[in-house]
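This report describes a sheet, the helices packed on it, and a group of aromatic side chains. The structure is shown first.

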Amino acid sequence: MKRLKLFIPLIIFVLLAILFTLGLGIDPHKMPSALVGRPVPNFSLSTVQDTTRIVDQEQLKGHGFALINIWATWCGPCRQEHPFLVKLANNGFPIFGVNAKDELELAQQWLKERGDPYKFSAFDPEGRLGLDLGVYGYPETFLINSEGQVLHRFAGVLTEKVWQRDFIPLINP
């Protein structure tokens, strides 16, 4: 019996390892968002581009379909997707950014060096808007309609393939 007690920590460890491994099988791109079908949460933030300018959820309305992209300079995948966002913006698709949990100077430098695809990028240093949006990783992108209602959420790098597969069918049904 004493020998069996010695194996209890090992058994617990093995069980936790199995549960952890199974949990890794969850595809974060397919996790639902509680905001789909609901309006973008209320916010009032300054912008990265002009810290004297205050923006809110009302300024997201009236643009037809648009994207809200959550990004940060410390986010490696954000670097990867940024050229595609610039391409979309250059093709006339409206994109609003939310720079979260970042330093203002670094965010300003990022947009200057890499191009600024955003109509505005709200500066959210504490990540409160991200929390209200249900963001759990960076980058995340939300498709909204002209009324500011969330139609779709995508977690991960937005690419041409993802755009065609997940967004275009919602924009052009």
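## Conventions

Helices (H or I, at least four residues) and strands (E, at least two) are DSSP runs, numbered from the N terminus. Axes are lines fitted to C-alpha atoms, for helices over the stretch in contact, with angles from 0 to 180 degrees between N-to-C directions. The model is predicted: local features need pLDDT of at least 70 and side-chain atom pairs pLDDT 80 or more, while totals for chains, interfaces and linings use all residues. Residues are numbered from 1 along each chain as its sequence is written, and side-chain values use heavy atoms, without hydrogens or water.

## Sheet and helices

Five strands form an open sheet in the order β5-β4-β3-β6-β7, with mixed pairing (at least two DSSP bridges between two strands). Its edge strands are β5 (121-124) and β7 (150-155), and the twist averages 15° from one strand to the next. Strands β3 (residues 66-71) and β6 (residues 140-144) run antiparallel and are joined by five bridges.

Helix α2 (residues 76-90) lies across β3, β4 (95-100) and β6, at about 155° to β3. Helix α5 (residues 160-171) touches β3, β6 and β7 (heavy atoms within 4.5 Å), and its direction makes about 175° with that of β7.

## Aromatic pair

F93 and W163 form an edge-to-face pair, 5.0 Å centre to centre with 85° between the planes (pairs: Phe, Tyr or six-membered Trp ring centres within 6.5 Å; planes under 30 degrees apart are stacked, over 60 edge-to-face, the rest tilted). F93 lies in the loop between α2 and β4 and W163 in helix α5, so the pair ties together parts 70 residues apart in sequence. Ring pairs link F84, F93, W163 and F167 into a cluster.
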